[in-house]
Amino acid sequence: MNKKLKTFLIIMGILILGGVIAGPKIKDYLVNNLGKRDLQSEEAAFTLKTKDILAEFTANETAANKKYLEKPVVISGVITSVNDKEVIIDEVVVCGFTTADATLKVGQSVNIKGRVIGYDDLMGGVNMDQCSINK
């Protein structure tokens, strides 16, 4: 085997191994650090009810993505599920909190501010992160 080919294969092997080892850590860093903003200091771009945002995503997901994706919104509704840092409103909006809030209870009416991160057409729900109770 030619010396250049051998060197090339060794370098490629090292790069691939490095990617396999470091890839998940890099992805976690990018997702957890670059996507965070101080939503609490930002003005909400929209204030609406769960049924209204769901209707827009259901009618035209592409247009709703352009309108809401990555924007701070305040969603109002009734809590239907609380699981540690995840709260579901009216069974259709999934809100991810950065810390668990023990004061949130099923059946409670809330206004939650968060960033819209997408629509899950399989489950028929809107996903939000960096959520907090909007006072």
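Residues are numbered from 1 along each chain as its sequence is written, and side-chain values use heavy atoms, with hydrogens and water left out. Because the model is predicted, local features need pLDDT of at least 70 and side-chain atom pairs count only at pLDDT 80 or more, while totals for chains, interfaces and linings use all residues.

**First stop: the patch**

Select Leu5, Phe8, Leu9, Ile11, Met12, Leu15 and Ile16, which make a nonpolar surface patch of about 670 Å². A patch is made of residues with over 30% relative accessible area and no salt bridge; nonpolar side chains (Val, Leu, Ile, Met, Phe, Trp, Tyr) are joined within 5 Å, like charges within 9 Å. Accessible areas come from the Shrake-Rupley method with a 1.4 Å probe, and for residues only the protein chains shown count as cover.

Met12 is found in helix 1 (residues 3-34); helices are DSSP runs of H or I with at least four residues, strands are runs of E with at least two, and both are numbered from the N terminus. Met12 has 34% relative accessibility and counts as partly exposed. Buried means under 20% relative accessible area, exposed over 50%, and partly exposed in between (1.4 Å probe, protein chains only).

**Second stop: Glu56 and Lys67**

The structure holds three salt bridges, each defined as a side-chain nitrogen of Lys or Arg within 4 Å of a carboxyl oxygen of Asp or Glu. Select Glu56 and Lys67, whose side chains meet in a salt bridge (3.1 Å, N to O). Glu56 lies in helix 2 (residues 50-59) and Lys67 in helix 3 (residues 61-68), so the pair ties together parts that are eleven residues apart in sequence. Glu56 is partly exposed at 28% relative accessibility, and Lys67 is partly exposed at 31%.

Select Glu70, Arg115 and Asp129, which are linked in a network of salt bridges. The side chains of Arg115 and Glu70 meet at 3.1 Å, N to O. This pair links distant parts of the chain, 45 residues apart: Arg115 is in strand 5 (residues 109-120), and Glu70 is in the loop between helix 3 and strand 2 (72-83).

Next, turn to Asp129, which forms a salt bridge with Arg115, the closest N and O atoms being 2.5 Å apart. Asp129 lies in strand 6 (residues 125-133) and Arg115 in strand 5, so this pair ties together parts that are 14 residues apart in sequence.

Finally, inspect the accessibility of these residues. Arg115 is buried, at 8% relative accessible area, and Asp129 is buried at 19%, whereas Glu70 is partly exposed at 37%.
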